[in-house]
Amino acid sequence: MTRASLDKQPHEVAAMFDKVAARYDLTNDVLSLGQTRLWRKAVARAVDARPGERVLDLAAGTGTSSVPFATAGAYTVPCDFSLGMLREGKKREPWMPFTAGDATRLPFADDAFDAVTISFGLRNVHDTDAALREMLRVTRPGGRVVICEFSHPVRAPFRTVYTEYLMRALPPVATAVSSNPDAYVYLAESIRAWPDQPALARRLQDAGWARVAWRNLTGGIVALHRGYAG
């Protein structure tokens with residue numbers, strides 16, 4: 001892992017996602033061997049959006065992750081800092097209120113949402129702890145957060161195989177299917193550097209979230225963290 005590649009500024013990360021927007025969902029399906037759709041279903045169940053609720057979907061990209069919440073009857077706001085992603089999402093789902101926003105300085109009032117969720121995006125926020133505090137600020141008392149993020153496989157042999165895939169197999173596959181394969185080299189490195197499940201849970205607690213818990217998906221390749229606003 002190269003430290004310089006992980007020290008990208010927010011505008012550099014946004015530009016990187018702008019470039020991959022058109023084929024982002026397809027590339028993710030290929031690189032995850034089809035697991036992405038299962039993970040999104042797990043997120044939808046965890047958020048448990050209901051009619052009349054307000055849901056903020058951060059790092060929503062093209063809005064694929066937001067559709068299940070809206071379909072459940074919740075007023076859903078897909079929010080992302082990549083204008084390229086938002087433009088692509090607006091083409092696909094013109095009825096959704098796509099909103100540009102920085103997760104560390106959200107353009108929403110206090111207590112505005114019943115649930116806030118972010119899938120595979122917290123890892124790319126420049127200041128993780130500031131984002132967790134902002135998510136709490138815009139969540140009403142008793143509301144919930146659901147974070148779906150790549151994590152650390154719980155079994156050592158599987159962890160070794162997974163790491164090898166990230167650093168050796170992922171870049172050539174990304175080259176074949178992505179419009180910007182360098183972005184996926186960065187993503188592989190950021191996954192390796194990301195905190196494990198207990199460490200992320202502690203950061204949620206330090207940000208003020210209560211009743212924090214997590215469960216592993218696909219052997220810990222991905223973890224779902226949940227918490228509640230006090």
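What follows is a walk through the side-chain pairings of this structure, which is a predicted model.

Let's start with the aromatic rings. The structure holds four aromatic pairs. One of them joins W39 and F120, whose ring centres sit 5.7 Å apart with 45 degrees between the planes, which makes this a tilted pair. Look at where the two partners come from: W39 belongs to helix α4, residues 35-47, while F120 is found in the loop between β4 (113-119) and α7 (128-137).

F150 sits in strand β5, residues 139-150, so its pairing with F120 in the β4 to α7 loop ties together parts that are 30 residues apart in sequence. With a relative accessible area of 17%, F150 is under the 20% cut-off and therefore buried.

The charged end of R54 sits over the ring of F113, 5.5 Å from the ring centre. R211 does the like with Y228: its charged end is over that ring, at 4.0 Å from the centre.

Next, have a look at S65, in the loop between β1 (54-58) and α5 (67-71). S65 has a relative accessible area of 10%, so this serine is buried. What does its side chain touch? There is a polar contact with the side chain of D57, at 2.5 Å. Once the neighbours within four places in sequence are set aside, S65 is in contact with R40, D57 and A60.

That leaves the charged pairs. Side chains of opposite charge can pair when their charged atoms come close. How many salt bridges does a search of the whole structure find? The count is ten. One of them links R144 and E53, with 2.8 Å from N to O. R144 lies in strand β5 and E53 in the loop between α4 and β1, so this bridge ties together parts that are 91 residues apart in sequence. R144 and E53 are both buried.

Compare the bridge between D48 and R50, which has an N to O distance of 2.7 Å. Here D48 is partly exposed, with a relative accessible area of 36%, and R50 is partly exposed at 47%.

Finally, go to helix α6, residues 83-92, where E88 and R92 lie four residues apart, about one turn of the helix. E88 and R92 form a salt bridge, and their closest N and O atoms are 3.3 Å apart. E88 is buried, with a relative accessible area of 15%, whereas R92 is partly exposed at 34%. K91 joins in as well: salt bridges with shared partners connect E88, K91 and R92 into one network.

Definitions and conventions: Residues are numbered from 1 along each chain as its sequence is written. This is a predicted model: local features need pLDDT of at least 70, side-chain atom pairs count only at pLDDT 80 or more; totals for chains, interfaces and linings use all residues. Side-chain values use heavy atoms; hydrogens and water are left out. Rings of Phe, Tyr and Trp (its six-membered ring) pair if their centres lie within 6.5 Å; planes under 30 degrees apart count as stacked, over 60 as edge-to-face and the rest as tilted. Helices (H or I, at least four residues) and strands (E, at least two) are DSSP runs, numbered from the N terminus. Buried means under 20% relative accessible area, exposed over 50%, partly exposed in between (1.4 Å probe, protein chains only). A charge sits over a ring if NZ of Lys or CZ of Arg is within 6 Å of the ring centre and within 35 degrees of the ring normal. A polar contact is a pair of N or O atoms within 3.5 Å; within protein, one must be able to donate a hydrogen and the other to accept it, and residues adjacent in sequence count only if both atoms are side-chain atoms. Contact means heavy atoms within 4.5 Å. A salt bridge is a side-chain nitrogen of Lys or Arg within 4 Å of a carboxyl oxygen of Asp or Glu.
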